[in-house]
Amino acid sequence: MIPAKFDYIKASSVSEAIGLLDKHGDEAKLLSGGHSLIPAMKLRLSRPEILIDISGISGMNSITEDGNEIVIGANCTHAAICNSDLINSDLNILAQTAKCIGDIQVRNRGTIGGSLAHADPAADYPAVVLACDANIVVEGKNGSRTIAATDFFLGIFTTSIAEDEIITTIRFPKVANGNYQKFFQSASRFAVVGVAVVKEGSGVKVGVTGVAGTPYRATAVENAYSGNSDAASHAIEGVEDELMSDHFADTTYRAHLAKVYVKKALEA
Amino acid sequence: MQISLKINGKTHSHDVEPRISLAQYLRETLSLTGTHIGCDTSGCGACTVHVDGAATKACTLLAVQVDGCEIKTIEGMANGNEMHPIQEAFKENHGLQCGFCTPGMVMTAADILKNNPNPTEEEIRHGLEGNFCRCTGYHNIVKSIQHAAETLNS
Amino acid sequence: METYIGKSVKRREDARFLKGAGKYTDDIKLPGMTQAAFVRSPYAHAKILSVDTSAAEKAEGVVAVYTGSDACGTYGVPCGWQVDFKDGETMREPLHPLLAKDKILHVGEAVAIVIAESLELARDAAELVNVKYDVLPAVTCPKKAMESGAPKVHDQWGDNAAFDWCIGNDRAEVEAALASAHHVTEMNYKNHRVAPNAIEPRSYIADYDVNADKWTLYTSTQNPHLVRLLMCAFALGIPEHKVRVVSYDVGGGFGSKIYHYTEEALLTWASKEIGRPIKWTSDRTEAFLTDAHGRDHIVHSKMGFDKDGKIVAHLTDEFCAMGAYLSTFAPAVPTYLHGTLFQGVYTTPLIHLNVTAPFTHTVPVDAYRGAGRPEATYLLERIVSKAAKEMNMDPAELRLKNFIAPFNGTTEPGYQTQVALQYDSGNYHASLKRGLEMLGYEDFRKEQAEARKNGKLLGVGISTYIEGCGIAPSAVVGSLGARAGLYEVGHVRVQPTGKVSVFTGSHSHGQGHETVFAQFAADKLGIPMDDIDIVHGDTDQVAFGMGTYGSRSLSVGGSAIIKSIEKVLEKGAKIAAHKLEAAEEDLEYAEGKWTVKGTDKSISFGDVSLTAYVPHDYPEGVEPGLDFSSFYDPTNFTYPFGTHIAVVEVCSDTGKVTVKRFVACDDVGNVMNPMIVDGQIHGGVVQGIGQALLEEVVYDGEGQMVTGSYMDYAMPRADDMPMIETDRTTTPCPHNPLGAKGAGEAGAIGSTPAVVNAVVDALAHMGVTDIQMPVTPQRVWKAMQN
């Protein structure tokens, strides 16, 4: 399997990468870990003419603390997230999620920025960025802007990142009480259902991936929550018409699993 | 595109097309055919090598991406005729049959044991989730890695 | 002196594999080698309106482009087994063309081959071939393929049947017995289609040497000589003595690499056309779309019991898919490798199996690990367990009640089944008893009852299988439709220094022949293993061979080697007698030397070998040399059997099944190397569990494969599986010199029904009586809801 021909440019700075994106428009694609993009290119389902490798840009793979936030460079690998002391102590839900992604080899290469930008409807991170109310910081030719997680995912493989923009960092509030629960598809090991729950005071925030074409905040669950897991029955409220279906899980079963996993995450 | 990288301790420089994967580069340009291609889309793990010390699927990495990196392949595991303790353990425990997934298994096992020198059976199995074996049923691969852990820790 | 039989000798082949120095076909590079890429149909059923190759031909680096309109379009690969219709009509055997010319019959069928200077350029140019199709409706289900009005796969025949077939007792007699039975258990299900998925994809290099007028085909096959025979005699009509087929290391086969594939013949043909070597290695997508699949039976079955639980009759009707064409052994799989095992390990007095084998718009189906026998075992072991539940009997007790009594096949005769075969030797009671003991069956039942009170769903499933291996003798299989013999060749060449090269027609692709064959050869010759080399996989080196499949290597291939060793020792004795100035009958051979009985006068194997090649002081009338080849044609199949028991836990929330324990007590006859036998069992069991829980090839209504990648086709990974607990009983095979029965397929045959039985057992109190395989979380959850 060989991708169609393309030119490869290793960007050394964010501004260089943005300039290249601006210049080449939709002929160009960004390459970070490449674990979704390269297989798609080999199957010739994706055929960019220019690949802009951003994995070597310095400063994009740090994990730092900024007041009550943890700032994660978009090029941080899943493995780096699993192994970060800071994340393990102050944003454990994210470390827990990263451990569920792919396998050792994939975690060693795949990045959080790449995964979010790809917006696979069955990826794991979306549930967590939603539940944590994380902010995705992007930079483009008009400068930098911050996109709230709830405004980030627009549909299957679709986000609100503009064509000339790059995710530079993801800013998470510190989370003391959160967890991610996943029921994986037995072949791909992507989420059939992935539920992230963050508990704050008497309230709860719930992010759901894998269930609908777009990952979502289960606001109906959040509104109904009163300290126990009964609210799980509202897991798919509002997305009933967008439930995904395949030979592993039809809509009925997926809806059931969503309730089971919301309950599980609420009880964890 | 010109790349230069260190493979099994030796520096190699070549002009490669950007679309050539690291696995293809190793196999076709350098004749390091121990790195196998089973699915070519990062599903099976037969192509696992170490890039700067971390297990990586070489089919889903372009050779140009690893310019300047240090690569270790299965050919670099043994010390001359003396096999690495993980290789020895696979032989001792019949951890391979047709041998095709074996290089990837050994390279992944090395990553598992580097990060967790005393893994439980469950941790080993979880660590191998990116590697298919169709012959052994994994039983003896798990035993091999347990055995290798003992040897490496002694 | 060290002996080797029965010991877990570590494998000699391991060092090269562990160092990355194995030699698989794709590892080979020849000077001037070109690379091929295929243009394959995206449709399951379509008319080819036009194929325009002009742009591809002009593309960078392209050496040649061929389509079905070129000379190669008239060639096709043959089927190796003929099963005619019950009414005498000859099996319908369509041309299986190397490239489709007018019509596409399955997704992935090749329309054109593009040969270029590199793989990249071949792939690029293949995209430039413009094929226009008229898409037609497709049928992928074997039962639907036989409904009136179903889309036809081959227009020249009235319906989609390739053949139909039956075996056993008179149908009316069986139906009458069922009608008067005390209890009848019925099953309707699909033994679904699976993809073999050897991790090494198929890979071929064809090389034509114009000066020698000789072809060499390097191929990832289980069966080099048969590939040569089928390709030369049937596919291409080229002289067999001008063709060398080489199959060095092969990365797993599981049946899928037995067959002669179209790409092998096409590359061989094209290599002469272009005068350069050509390589093609399948990618994984092509593997899913073009490697022969396994199973795909739709089954309706009834088993009748008397009031004591004794089976009185068994009637089954099946629709068994052939796919778009007849692959090499395809017709044998749902017939002679399947119906002949319908006796199982039970005394069932009346059996009838009726098979309809239709063409479907899918890749061909052929033998996949177990081939016909897993399908038979699944049916028998599921229906017996289902019956036990219905009759409120323990499934172990019902089995024990119906088992054939033990027989050793020597002082006691073999067991004549109702379905043609005569079993060689068996002790099914001992196997089940040992299996139950390994599990701690009684204790488990208590644990299960306790767990159930706490809402935990535990289940146990038993499977007591039998299989037929080492299919033979040739005359019998010939009468059943085989177009080849099923003997094996073993050639023992003693070198002048007493070192030994053994050439075998068996082919190792993971089974460890290089070790095991040397083990028994060393013991029989009384020399160290290090003095013996095993050579296989090259038609220029090995006289002939029938390859490795059907767990035949040791029982058939091993026996051929033993025959040659006996000839070596017989001739050696003549030379020894001459040198020792003694009568042959006064000599005994042990520990690598001939000794005159009752004396210390002896001569070593090495000295006799040297004498044979330097025949100065030599017996009169004896030829020089010590080199023998033998063809061994067994007198019967061998019949391994065993007991597999699975313990599963079902998650009540999700339906996900976890295999908690798996016990396998197998009887494979005499064991040469326990480590290797255990390894074969482990691997087979996990493949069988894979079919039970995870794996399924799914086609949609248009005949598109929904599960054509590892993102959608679920194969067992390390963390899906438990450790496998193994033990053995030993009932030697009475009719071959090693007493061996075969171990390659047993695991995959016994395990599948054990797992499904366990899942159904876990849910029995909810009224669940059956679940369609693979028992995915979704299917289990839905079963729990009903």
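The reply below takes up the contact surfaces of one chain.

Reply: This is a predicted model, in which local features need pLDDT of at least 70, side-chain atom pairs count only at pLDDT 80 or more, and totals for chains, interfaces and linings use all residues. Residues are numbered from 1 along each chain as its sequence is written, chains are lettered from A and ligands numbered from 1 in the order in which they are written, and side-chain values use heavy atoms, with hydrogens and water left out.

Chain C is divided into domain 1 (14-136 + 200-251 + 257-290), domain 2 (368-471 + 637-785) and domain 3 (487-632), with bounds that come from an automatic or database domain assignment.

Consider the boundary with chain B. Here 48 residues of chain C are in contact with 51 residues of chain B, contact meaning heavy atoms within 4.5 Å. The area buried between the two chains is about 4300 Å², and carbon and sulfur atoms give 56% of that area; buried area is the accessible area (1.4 Å probe) that two parts lose on being put together, summed over both. C:L18, C:I199 and C:M723 supply 18% of the area that chain C buries against chain B, more than any other three residues.

Between chain C and chain B there are five salt bridges, each a side-chain nitrogen of Lys or Arg within 4 Å of a carboxyl oxygen of Asp or Glu. B:E92 forms a salt bridge with C:K10, their closest N and O atoms lying 4.0 Å apart. Helix 1 (14-18), helix 3 (119-126) and helix 16 (674-693) of chain C each supply at least two residues of the side that touches chain B, helices being DSSP runs (H or I, at least four residues) numbered from the N terminus. The largest share of that side, eight residues, comes from helix 16 of chain C.

Within chain C, the centres of domain 1 and domain 3 are separated by 39 Å, taken over C-alpha atoms.

The side chains of C:K214 and C:D540 meet in a salt bridge at 3.1 Å, N to O.
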